[in-house]
Amino acid sequence: MFIELEKRKEPSKAMLYLTPVLAVVATMVAGAIIFTLIGHDGLGAVRKIFLDPLLDTYKWQDLGVKAAPLILIGVGLAIGFKANVWNIGAEGQYVMGGLAGTGVALATWGMTGWWILPLMCIAGVAGGAAYAGIPAFLKTRFNVNEILSSLMLTYVAIQVLYYLMRGPWKDPDGFNFPQTRLFTDDQILPTVLTNTVVHLGVPLAFVVAIAAWFVMTRSVFGFQIRVVGAAPAAARYGGFNSKKTIWAALLAGGGLAGFAGILEAAGPFGQMVPQFPTGYGFTAIIVAFLGRLHPIGIVLAGIILAVTYVGGELAQSSIGLPGAATGVFQAMMLFFLLATDVLVKYRIKLASPAKAGDVA
Amino acid sequence: MSDSVQHRIELKGITKAFPGVLANDAVSFKVKPGEIHALLGENGAGKSTLVKMIYGIMQPDAGEIIWDDEPVMVANPKAARKMGVGMVFQHFSLFEAMTVLENIALGMDGSYSQASLEEKIREVLHAYDLKLEPHRIVSTLSVGERQRIEIVRALLLEPRLLIMDEPTSVLTPQEVGQLFETLRKLSKTGCSILYISHKLHEIRDLCEAATILRGGKVVGECDPREETPKSMAEMMIGGNLKQISKAKTREFGADRFVADGLTVPGEGDFGVALDDICFKVRAGEIFGIAGVAGNGQNELLLALSGEQPSSNANAILLDGQPIAAMDAVGRRNLGLCAVPEERNGHGAVVDFSLTDNAILTARERMGMASSGILKGGVATAYTSKVIDDFAVKTTGPGSLAGSLSGGNLQKFIMGREILQDPEVLIVSQPTWGVDAGAAAAIHQALVDLAENGSAIVVISQDLDELLAISDRMAVINEGRMSKTLNVGEASIDEIGLLMGGVHGDPFATAEMTEAVHVH
């Protein structure tokens, strides 16, 4: 038997929705096998990572808190990816957004007022967008590949964070620990559900996803993003400026990553610390693709990836799975998604060897 | 092998299916030694698939290929060449930065020394009276010369069957004449020629037999010398050919669209610069721009449509208003619509629905957007109107542009622009790769639009098309525009010379210039 790939006449809608599910299932199967082979309880690991966070209602609040930044960043990245702008540096923009908001928090320290938190958020969005503006400038002015520039700038952002934590922004009353002061009550996101850790950023992430859906499908701006990504020559023919689109795509991605950054700083962290970059900016790339670059799909994908984070911690504490296991599962998911993607445009055909021989 | 064989090649019941289409359905025909045999059919009739199987690029699902009276299996192109089949493709595969000799050496199956190969090439050039300099760099050659490289490459293998796929679409009329002489000489040596084309005049001049395909099936055979182009066209489309109705006495208004000293620098090493382009189109007039491919037509379309704005605003005037500095949206709002040559990815986005493709260019003029928000209902209604008015075969406004056949997509694109009721319409290659029925509909739509007072510019490599629909025309050659000719008075020879005559052979061009001027 030979397996042949035969091109479909039209891309399959069913496969478009089915392949992310297939990828998650394949990840579970492969994960169980791999972890069994290296001497762990493979089935148990998969159950801990993928099922326990969903079955345990007490863990749902953690899912929401983890999913929020993934959704925000994923939605922003998807806008860029749709326009064929490959912003890989959301992690750096997330850090810069967090730092910009923290700067406002430190400058307003000791003050009170409802306006402080919105100002911090605006600074966060602006910081992330400005940082994404660097690859946008380099790309439009000198044709520098944004994949490299945005990725490398991530490491610069992390060094800036370390410098600020150990130097100018170090808490004067903090026993020389490299971290900022704790934010005050007016600088911390309120929780929206009493007795939980669910902060205001969680519902905001869902609102942003729905707004992005509307913008991408119903507005001229969304149309522009889609057409520049799908066919640059047609976009120019339709009167869309590709440079402006590159700027818009990077600023949108950077702005939302920066927003996620300040929401994390003003939410779960409540201050800025050197451990702030947790890889959300990179995981959000998986979220964007697993969600098919569609804002609503990204909400679901964000929750699935949040499950792996929460479940990874559970597996670590209960069955002693290494912490890196979470990363392995997340990477497998992207890998299987890219592999199964071929089914959207092709169908698998089994050919008998006899016939193949005839033709040759 | 001697030519005692009855048939050089015979196809018996060749069938080939692709997902959703039966490209060839039990096709059978025979070609005698030394015969020039035409394979006729509209786009999508299955001609290319058929010759790809003869040349071993793909294999038939069923049926037999019989070569010199023996059944054969053609596994790949190398096997085909070994058997004695040569092929000249419509699109050349040449390295622009290398010499003619190097390009030919790369395509040879065996290994030769540079000197012996050059000697062989010169022998072939001499035997067939072809003009080509083996040491020229390919990027400096005209399309006609490039085609000669491919022909020489095929002739070096001493083929006994030469397949030519649409060879004349890129040639001037003079170059076509030269090519035919070469092919006739070749056929006298006993080499059969399988000639694919939809240009019926040429087939009448050249071929002694023809097989007509429609929808993958053989629908007829004929001796082209005893047919008229009209009778063959009707066999091809299986119906009556509609004539374009064009009022004999047409009134033209004032100058609507004027290019006055339009100059654009060439892009990259192989781009063509536009040099001081000047022409005027009156209201109600169709202005044709002829020329061999690659002489600046693409650059001209981009400059006229606004995709490539110019710094000199006065280089293009629309009703007296300078517009050359505006982008495509600005010009469209003033009533200038355009259709580029390439449909896929330029004129339309294949992965988008037809409605989205309508939004692409009609959103401003047809009110599909207000304050940045798209109006889906308006866009769908306009798309449905285009589909109805231009008889686009599709399942509806929601279907993907890529799911339409080339001709249907072209009808949709033309309809999308024409129904915007433009003051000026610029179209490039309006019927390229479009079947005869759709082409007639597109031509009629252009004529009707002109009769309503629009100024239309048609850039085309198809001279017959320009002579049929335009009122005046000019020729573009190496980025320069010729003087304007009145279509009724221009002779084909004169136009051919303006197109560059016989490229790479100044002597032949000079000789022909004299001949024309004697008339």
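In this predicted model, strand β9 (residues 209-214) of chain B pairs with β10(B) in the antiparallel sense, over five bridges. Within that pairing, Arg214(B) has Lys217(B) of β10(B) as its bridge partner. Both strands belong to an open sheet of six strands in chain B, whose order is β6-β7-β8-β3-β9-β10 and whose pairing is mixed. The edge strands, each of which pairs on one side only, are β6 (85-88) and β10 (217-222) of chain B, and neighbouring strands of the sheet are turned by 20° against each other on average, direction ignored. Helix α6 (residues 173-188) of chain B packs on this sheet, where it touches β3 (36-40), β7 (161-165) and β8 (192-197) of chain B, and its direction makes about 145° with that of β8(B).

In chain A, helix α3 (residues 60-82) packs against helix α10 (residues 242-269) at an angle of about 170°, with the two axes 7 Å apart. Because angles over 145 degrees count as roughly antiparallel, α3(A) and α10(A) are described as roughly antiparallel to each other. Among the residues that meet are Val65(A), Leu72(A) and Ile79(A) in α3(A), and Leu250(A), Phe259(A) and Leu263(A) in α10(A). By class, this contact of α3(A) with α10(A) has 17 nonpolar, four polar and one charged residues.

The contact between the chains takes 21 residues from chain A and 27 residues from chain B. On the side of chain A that touches chain B, the elements giving two or more residues are β1 (2-7), α8 (220-230) and α9 (232-237) of chain A, with the largest share, five residues, coming from α8(A). This side of chain A has eleven nonpolar, three polar and seven charged residues.

Conventions
Residues are numbered from 1 along each chain as its sequence is written. Chains are lettered from A and ligands numbered from 1 in the order in which they are written. This is a predicted model: local features need pLDDT of at least 70, side-chain atom pairs count only at pLDDT 80 or more; totals for chains, interfaces and linings use all residues. Axes are lines fitted to C-alpha atoms, for helices over the stretch in contact, and angles run from 0 to 180 degrees between N-to-C directions. Helices (H or I, at least four residues) and strands (E, at least two) are DSSP runs, numbered from the N terminus. Angles under 35 degrees count as roughly parallel, over 145 as roughly antiparallel, 65 to 115 as roughly perpendicular and the rest as oblique. Two residues are in contact if their C-beta atoms, placed from the backbone, lie within 7 Å. Ala, Val, Leu, Ile, Met, Phe, Trp, Tyr, Cys and Pro count as nonpolar, Asp, Glu, Lys and Arg as charged, and the others, Gly among them, as polar. Two strands pair if DSSP finds at least two bridges between them.
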